[in-house]
Amino acid sequence: MNRPLPPPRSWSTPLLLVLLLILVIASFATLRLDLAAFFTPEAVGTTMEFLGGFAPPETATPFLMKTLNAASETLSMSALGTLLAVFAGLVMALPAAGRWGGSARAAVRAVLNVLRSIPELVWAALLLVAAGLGPFAGTLALAAHTSGVLGRLFADALENAEPQPEAALRTNGAPALAAFFYATLPQTLPQMLSYTLYRWENNIRAAAVLGVVGAGGLGQMLKYHLSLFQMQSAATVVLAMLLLVALVDAVSFALRRVLTR
């Protein structure tokens, strides 16, 4: 009895790995990295002197209250920016998933590509001109970038959902909107919520940095004290950033565990 012929070998994956390896080697060859300069006695001494200026952190009660207010501002920026992005992402996910035809799918996905290809810092720098200094511009910057990310993720989730339940409801006379809400959305909702919580984790980090360009919160406070070489005050702000990010990560992780059970 003749054995079946082996499946044809695909060379696309090995070729891609070789090209990536060549790209990595070329990157190291052209960057001219001088790693030994980090370990010279002068570099080590300068680094230790710089880090020593951060100790001990500022613990005066008025400054701690000011830091707490800035942390709440950063948290509000991340939460509101993510919430706005969820609504915008849901609105754009429907046409991006091909539910309104191929032309609408291509056009909306192009918009999503533009939104997410521009980093939050660039969005903040652009929106500061229109909205002025403060957390409003930072919130809009987070919402703009995250809308592109969540819109694409939501659209992919809708496209990957099983079409049979919605088709069965439509066959039995259910309206299109009702069939979507009762058949397709329940399939993708846990995944969408998980995406949303993950992006909130990212946005709390981004919101802490956006203040560097004047968008308020802990980042703006950190830039102010570093520019005046008030290192102990800057150390307190950095610690507040770390605690805030750790808190949001823990809350988001716990919520994702509950949603994915």
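Helices (H or I, at least four residues) and strands (E, at least two) are DSSP runs, numbered from the N terminus. The structure on display is a predicted model, in which local features need pLDDT of at least 70 and side-chain atom pairs count only at pLDDT 80 or more, while totals for chains, interfaces and linings use all residues. Residues are numbered from 1 along each chain as its sequence is written, and side-chain values use heavy atoms, with hydrogens and water left out.

**The annotated domain**

Begin by selecting residues 71-252, which an unreviewed UniProt entry annotates as "domain: ABC transmembrane type-1". UniProt positions are given in the numbering used here, feature names are shortened, and annotations may be inferred rather than shown by experiment. This stretch is 86% helix and 0% strand, with its end C-alpha atoms 17 Å apart.

**Transmembrane regions**

Next, colour residues 75-100, 121-147, 206-222 and 234-255, where the unreviewed UniProt entry places the feature "transmembrane region". In residues 234-255, the span is 100% helix and the end C-alpha atoms lie 32 Å apart. In residues 121-147, the span is 89% helix and the end C-alpha atoms are 15 Å apart.

**Helix 5 and helix 6**

Now show helix 5 and helix 6, whose axes come within 8 Å and cross at roughly 135 degrees; axes are lines fitted to C-alpha atoms, for helices over the stretch in contact, and angles run from 0 to 180 degrees between N-to-C directions. Helix 5 is therefore oblique to helix 6 (angles under 35 degrees count as roughly parallel, over 145 as roughly antiparallel, 65 to 115 as roughly perpendicular and the rest as oblique).

**The nonpolar cores**

Select Ala 141, Leu 142, Leu 158 and Leu 210, the residues with the most contacts inside the largest nonpolar core, which has 29 residues. Such a core is a set of buried Ala, Val, Leu, Ile, Met, Phe, Trp, Tyr and Cys residues joined through side-chain atoms within 4.5 Å; buried means under 20% relative accessible area, exposed over 50%, partly exposed in between (1.4 Å probe, protein chains only). Helix 6 gives the largest share, 8 residues. Apart from this core lies another, of 20 residues, including Phe 54 and Met 231.

Centre on Leu 158: beyond its neighbours within four places in sequence, its contacts include Ala 93, Phe 180 and Met 192. Finish at Thr 196 in helix 8, which is buried, with a relative accessible area of 16%. Leaving out residues up to four places away in sequence, Thr 196 touches Thr 82, Val 86, Leu 150 and Phe 154.

Key:
Contact means heavy atoms within 4.5 Å.
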